[in-house]
Amino acid sequence: MRFYINILTTYFPDLDPPYDIYYRQILEQVELAEELGWECFMFNEHHFLGYGGLVANPAVLLASAAARTKKIRLGPCIAILPLRHPLHTAEDYAMVDAISGGRLEFGIGSGNTEMDYRVFGVTRDNDRQRSAEALEVILKVWSNQRASHNGAFWQFEELTLYPRPVQQPHPPIWVAGTSAQGLGWAGRNGYNIMTVGHPHPPEKVRLGVDAWKQGLREAGIDVGARHCQFHVRTHVNENAARAREIGMAAVKRYDEISRLGRRSPNT
């Protein structure tokens, strides 16, 4: 079993410090996590909301964390692939892998906030297909000296990406999701997965993980050679009742602010 820290920066102006102090505290957490022996620290991507919006591009914060650390692995959980040109994403995260000396764990997905797609003018009707093609582009330019692409969503002439990742042919890939369709695809392609328990009943999570395992078997990959990252929300206190009181208040605030990004503009 491995232990990762995943942080989605819910920001409350009445509770949290100014931005400069806030980022400094997060980077201090990464340094402490390395000191305490955690294996990886990951940042989520969101936009335009206190719900994660302070890390609109995880690569920026990851590069800063890489410069402050030596051993702990680092990554996005997730980079929202449909929102950006995949060459931009490939450049940003190749820089993180290079600055960190090959410590990038690359988590990808479509995200869960409708507002991001509305504002950037990207439809969600084909987000799975956009994600799959974006990852195809990223892995192609990471793994080859020169590459071109002619796909459904992106096309470009033959080029060389600068820099390419230190880890070759590419850093470890993590696919986020809960559905059997999405996680089954991840398994058939040989990727690790990350899933969450708190908004879903156990049987839904179990179906997705089982589909991932079956996908790995279909691809001829030993299930034990890949990893399933399971996100849980925790709060530690010497008093159980106090821990529940503090933790539930935080969960309630988190759920309230996260729902804002999922609403249509008319509700």
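Predicted model: local features only at pLDDT ≥ 70, side-chain atom pairs only at ≥ 80, totals over all residues.
At what angle do the axes of H1 and helix H2 (residues 58-68) cross? Residues are numbered from 1 along each chain as its sequence is written, and side-chain values use heavy atoms, with hydrogens and water left out.

The axes of H1 and H2 cross at roughly 50 degrees and come within 10 Å, where an axis is a line fitted to C-alpha atoms, for helices over the stretch in contact, and an angle runs from 0 to 180 degrees between N-to-C directions. That makes H1 oblique to H2, since angles under 35 degrees count as roughly parallel, over 145 as roughly antiparallel, 65 to 115 as roughly perpendicular and the rest as oblique. The crossing of these two helices is right-handed, a term used if the near helix is turned clockwise from the far one by less than a right angle, with anticlockwise giving left-handed. Tyr 23, Ile 26, Leu 27, Val 30 and Glu 31 of H1 meet Leu 61, Ser 64, Ala 65 and Arg 68 of H2, contact being heavy atoms within 4.5 Å.

Helix H1 (residues 19-36) also lies across S1, S2 and S3, and runs at about 155 degrees to S2; helices (H or I, at least four residues) and strands (E, at least two) are DSSP runs, numbered from the N terminus. These 3 strands form an open sheet in the order S1-S2-S3 with parallel pairing, where two strands pair if DSSP finds at least two bridges between them. Strand S1 (4-7) and strand S3 (73-76) are the edge strands, each pairing on one side only, and neighbouring strands of this sheet are turned by 15 degrees against each other on average, direction ignored. Between S1 and strand S2 (residues 40-43) there are 4 bridges, and Tyr 4 stands opposite Cys 40 in S2.

A second pair of helices is H3 (residues 86-99) and H5 (residues 127-143), which pack at an angle of about 50 degrees with their axes 9 Å apart. They are therefore oblique to each other, and their crossing is right-handed. Thr 89, which has its place in helix H3, is among the residues of H3 that meet H5. With 5% relative accessibility, Thr 89 counts as buried, a word that means under 20% relative accessible area, whereas exposed means over 50% and partly exposed lies in between (1.4 Å probe, protein chains only). Leaving out residues up to four places away in sequence, Thr 89 touches Leu 81, Arg 84, Phe 106 and Ile 138.

Turning to another part of the chain, we find that 4 of the 5 residues of strand S9 (residues 192-196) are buried, so this strand is largely enclosed by the rest of the structure. Strand S8 (residues 173-176) runs parallel to S9 and is joined to it by 3 bridges, with Ala 176 having Met 194 as its bridge partner in S9. From S8 the chain crosses through helix H6 (residues 180-188) to S9 in a right-handed β-α-β crossover; right-handed here means that, with the strands pointing away from the viewer, the path from the first strand over the helix to the second runs clockwise. The buried residues of H6 pack against H5, S8, S9 and helix H7 (202-218). S9 also pairs in the parallel sense with strand S10 (residues 228-231) over 4 bridges, and Thr 195 has Phe 230 as its bridge partner in S10.
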